[in-house]
Amino acid sequence: MSDAGYSTDEDAHVGGDADPVMDPTLNVDVGSGLTSHDWADIDNSDLVAKVRGSAGFRIMREIQPWDGALAAPPALHAKKVFEFFYVQRKEADMWKNLAKECFPEMYEAAGNDKSEKKRLQSLWAQAVLDEIKAMRDYGKLTLRWITAVVEAQASDHLFLRREALKHGPGSMQEKAANIVWNQSSNRIKDQVFEAMHHWTNKAGAQSGGTARMYKHQHELLEELDKHYEAAARARDTASKPPLPLHVILSTPTGSGKTFTALMVHLRLLKEKHPNVILLYSVPTKQVLKRVGQECEAHAAPYWTAARDHSGDGTMHQVRRPYSIRDKARNRKAMRAKAAIGEKLSAGSGTVEQQLEYAAKVGFQLKDRGAGKPDIIIADLNTTASLLKAANAAPEGSFYHKENLLLYFDEPNMGIHLDPNVLGVVSTIQSNMPCAAVLASATLGPWEGLEEWWRGPLPARQITISMEPYDLPMSTLNVWSEEKSSLAPISPLGVFENYVEFQRTMQDVRLPILLLRHLTSRQGNDLMGIKGPGGDWNKIQSDVKSLRLAVEPIFKGLSYEDFTRLKKEWATGDGAPIKMDGLRSALSKEGVTMVGCIDPRKVAMILAGYLDREAWTQDVHKLNNKLKEAERMMKESAKAEKRKKKDDEDEAMLGDDAEGQIGLITLRPMLKVGVAEALDSDVDTLVMLSKGIAYACGSGTDPMVKRLYNQALLTVPDSLKGRAPPLNVLVVDYSSIYGTDCPAVDTLLLQEDLGRLLAWEDLQQFLGRLRRDGTAIFYSARTLRRAALGPGAEAVADKEQTEYAREVEVAMLGFQDKPSRDANAEVAALVKLAETKGRSSTETAGFAVTAVLSFTLPPPPGLPKGLASPHPAEVTGTDKELLAALGKHLKTNAGLLETLLKKRTDQVKTIEKIEALALSASPFVNRTGGVRFLGAAAQTLKLLYDADVLSEEAVVAWGQAKGAAAELDPDLDVRFLEKAKPFITWLEEDSESEEGSDEE
């Protein structure tokens with residue numbers, strides 16, 4: 001596979017240098033000047049049409065104020081609801097109960113008032129529904145509510161529950177929901193308790209209701225409006241202006257930060273503060289193009305601003321998109337263009353020069369906005385330069401700091417990986433305008449940030465948060481290349497022990513984030529919901545209220561419940577699943593996103609490139625298809641030329657032939673132009689034919705890039721059960737931040753990238769799930785960092801070191817007893833484990849390493865009054881070391897043999913012995929532990945002879961360690977190499993015994 005084209009800098013990120021200092025293979029792409037291909041992506045009519053057809057575009061047009069800002073929840077059209085119930089009262093008891101219980105007064109009146117009774121008898125159910133439909137928006141909620149009563153499926157019960165809670169106890173909505181629930185089967189009820197955990201269990205447009213703002217969106221608009229109103233009053237009265245307003249908008253990934261930015265423009269700035277320009281600072285070029293497409297769809301006058309990488313990095317390019325130019329409809333503008341001599345390209349220059357030129361030309365050519373944009377979409381570096389220019393600009397300038405609202409998207413992206421990016425972000429913070437919003441999923445409140453984030457000048461700094469309670473469900477899994485299996489990891493399975501669980505539960509945000517990793521079964525176990533059926537009051541109306549209910553139960557688990565549930569959740573659905581290769585673990589109906597260092601290489605491997613025979617056959621088939629399509633296109637063009645003599649008609653029909661006949665189908669719903677396909681290499685076409693595309697900071701094939709952008713707009717619901725045309729998207733670090741695809745339901749993070757990512761980046765990766773799905777990691781260590789936070793490993797290592805010491809102290813306490821009782825000593829160790837919230841397996845391992853440590857000098861600070869079997873100095877030879885160990889094993893053999901009855905416990909014990917020999921955690925500071933490295937084989941043999949370790953355990957450990965070393969070349973295998981003679985001897989001895997048995 002060719003690596004050609006990997007390293008071009010055409011797409012470098014909007015801000016820092018392409019090559020980070022920390023790791024030269026990791027591309028922290030923060031942007032560059034836009035190319036013609038980029039512009040084709042932004043104003044591509046198909047992509048813009050898909051944006052206009054998306055749910056987000058419709059919601060932006062229809063969205064209503066936040067519920068909390070309403071005086072009362074919207075009411076149903078009670079009269080029509082009663083009529084619908086009443087006319088069906090004789091068809092089923094449920095309808096009679098609904099009419100009688102929900103509307104007792106109307107029901108009584110219908111029985112006593114003859115004229116009313118006659119009127120009702122003239123109605124029928126469909127006629128009532130038709131009347132409600134004719135009310136349009138006024139009847140929309142009533143129609144949805146009645147439909148829920150009629151259908152009574154899982155989603156309908158959840159909707160009815162939401163409405164009942166809104167209107168309170170005793171309301172008609174609550175009475176009706178209870179009646180319908182009691183009429184439903186246990187099968188439907190079980191489906192409800194399953195569905196209430198799903199991401200679709202939300203209020204608003206998602207569930208067929210009215211689209212409403214989130215609370216954080218309402219608060220942001222309110223704070224910005226108050227600030228700009230105060231600034232306007234200060235200008236009018238020549239009084240002191242208000243302090244700058246700097247907001248941290250802390251919302252989860254996927255909560256709609258781009259949507260919120262456009263809402264600020266459309267619902268606030270455009271209507272009330274038209275002089276304010278929204279400066280949208282994007283983290284990557286992919287996001288820049290996505291925001292540009294949204295602006296195109298909403299017809300917002302915008303400019304783009306990006307650094308020009310062709311020079312020394314100090315020049316920038318500001319561009320006016322074609323959509324805001326009025327050339328076709330304004331002939332005067334065309335003449336003005338000729339008169340002023342507009343350059344074919346504005347080139348590049350300082351940000352001040354570029355802004356002034358774009359404004360001048362836009363005004364003279366009568367652009368929409370008359371030379372002033374409503375939105376400027378800028379990369380990181382250009383944002384920094386523009387803000388410095390805004391601070392120095394005269395008050396009358398359209399880009400003066402008072403006229404800018406900075407919307408800084410993911411400001412902490414890459415700052416831990418690239419010092420250049422950190423420097424640029426620091427410059428932005430030092431030059432923030434009079435109003436700024438820092439929108440981030442992982443940036444904490446102002447109080448917890450370093451001082452440089454606050455900037456040099458006083459400002460009113462507030463934090464507006466949306467707690468991550470309604471994130472999509474994401475089950476955690478670890479992929480084993482060796483076993484070709486997928487191992488589900490429950491939210492309790494990520495913890496080494498109960499102590500770690502308790503410590504994590506004290507954190508402010510980690511417990512909330514862990515809740516999204518609960519499956520429906522696990523959530524119901526915590527809530528005590530056992531089928532079949534269940535009580536109506538146990539239904540949670542949406543994901544947020546459900547997790548709020550589960551949270552205190554989860555955080556308050558006792559040691560016994562933690563241990564029981566951890567074990568239960570690791571069986572059944574939680575047991576490892578054997579897979580037929582990694583491809584079988586990818587999504588079947590949605591889109592899988594794969595994170596790695598080298599996206600093209602991984603994409604080709606996933607497509608089957610390593611199977612050279614099958615790949616060659618695919619290349620041959622595709623070449624034949626290309627030749628046939630090219631031949632048909634040429635024949636069609638010749639036929640059209642013979643029919644048409646007019647040159648203009650000939651050209652038009654030539655274009656048509658290119659558009660209709662000049663296409664090649666790579667896979668269902670995926671077609672590309674023949675000319676475009678011929679410009680690409682055949683390996684790329686085969687990769688696409690397998691449904692796989694990639695995106696990276698540089699070197700992406702233009703056709704792949706275009707199809708990738710189309711894949712981002714794929715909505716599974718529109719496919720009606722079919723697989724998306726591109727169902728695997730392979731991305732690098734920077735493209736993680738730019739990939740926002742509603743169809744993504746499976747994530748796979750390769751370890752080459754995963755080990756480099758900070759916790760904030762791992763949260764961004766998990767946040768790419770836009771619906772319930774699966775997150776697959778290549779290592780349990782990276783999964784733990786993603787789930788438990790940045791300090792999980794360090795704190796766990798410290799706690800493990802302390803516990804190893806406590807076990808050693810307990811073992812020392814047994815040594816000077818005149819008579820030993822193995823069972824009593826085991827019971828004491830088990831009690832210690834339970835008291836400290838540790839596992840018995842871990843305790844057994846530390847008991848063995850404690851006995852090994854008796855041959856080494858004592859650690860400092862041991863309690864007084866204990867036995868002191870330790871020598872004053874490290875023994876000089878292996879023979880002396882092993883002789884001392886044999887003596888201590890003889891004394892403690894009964895205890896250790898009783899502790900280590902299970903093979904899995906013995907394998908874990910060998911891992912602890914290896915850590916001692918390598919001076920690894922928790923034995924980093926243990927003097928002399930390395931002495932066991934040279935004597936690894938003899939040490940294991942002594943433990944084997946003492947019946948502490950079994951043959952099966954030693955061989956299993958050796959095989960597992962060897963397999964792990966094949967997958968990770970950096971793995972420390974010194975102990976394995978030293979132990980190999982003994983492992984080989986065991987294997988050969990076992991084979992010889994099998995041979996003699998056969999004879």
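Modeller: This is a predicted model. In its largest nonpolar core, which has 138 residues, those that touch the most other members are Phe85, Leu98, Trp145, Phe554, Leu688 and Val730. Helix H11 (residues 172-183) gives the most to this core, with 6 residues.

Biologist: Which residues does Leu688 touch, beyond those up to four places away in sequence?

Modeller: Leu688 touches Leu666, Arg667, Leu670, Ala693, Met703, Val704, Leu707 and Leu726. There is also a second, separate core of 53 residues, including Ala844, Leu895, Val907 and Phe932.

Biologist: What makes H4 and H7 roughly perpendicular to each other?

Modeller: Helix H4 (residues 78-86) and helix H7 (residues 114-121) pack at an angle of about 75 degrees, with their axes 10 Å apart. The term roughly perpendicular covers angles of 65 to 115 degrees, and H4 and H7 are therefore described by that term. In this contact Lys79, Phe82, Glu83 and Tyr86 of H4 meet Lys117, Arg119 and Leu120 of H7. The residues of the contact comprise 3 nonpolar, no polar and 4 charged.

Biologist: Why is strand E9 called largely enclosed by the rest of the structure?

Modeller: A residue is buried when its relative accessible area is under 20%. In E9 (residues 474-480), 7 of the 7 residues are buried, so the strand is largely enclosed. Both faces are covered: one side carries Ser474, Leu476, Val478 and Ser480, the other Thr475, Asn477 and Trp479.

Biologist: How do you know that E9 pairs with E18 and with E10?

Modeller: Pairing requires at least two bridges. E9 is joined to strand E18 (residues 773-777) by 5 bridges, in parallel, and Thr475 stands opposite Thr774 there. To strand E10 (residues 485-489) E9 is likewise joined by 5 bridges, but antiparallel, with Leu476 opposite Ile489. E9 and E10 form a hairpin with 4 residues between them, and Ser484 in the turn has a positive phi of about 50 degrees.

Biologist: What makes Ala238 exposed but Met669 partly exposed?

Modeller: Exposed means over 50% relative accessible area, and partly exposed lies between that and the 20% limit for buried residues. Ala238, at 73%, is therefore exposed. Met669, at 40%, falls into the intermediate class and so counts as partly exposed.

Biologist: How do you know that the peptide bond from Gly531 to Pro532 is cis?

Modeller: Its omega is near 0 degrees. Pro532 is in the loop between helix H22 (520-527) and helix H23 (543-555).

Note on methods: Residues numbered from 1 in each chain as written. Predicted model: local features only at pLDDT ≥ 70, side-chain atom pairs only at ≥ 80, totals over all residues. Heavy atoms only, no water. Axes fitted to C-alpha atoms, helices over the stretch in contact; angles between N-to-C directions. Helix = DSSP H or I, 4+ residues; strand = E, 2+ residues; numbered from the N terminus. Parallel < 35°, antiparallel > 145°, perpendicular 65-115°, else oblique. Contact = heavy atoms within 4.5 Å. Nonpolar A, V, L, I, M, F, W, Y, C, P; charged D, E, K, R; others polar. Core = buried A, V, L, I, M, F, W, Y, C linked by side-chain atoms within 4.5 Å. Buried < 20%, exposed > 50% of the residue type's maximum accessible area, 1.4 Å probe, protein only.
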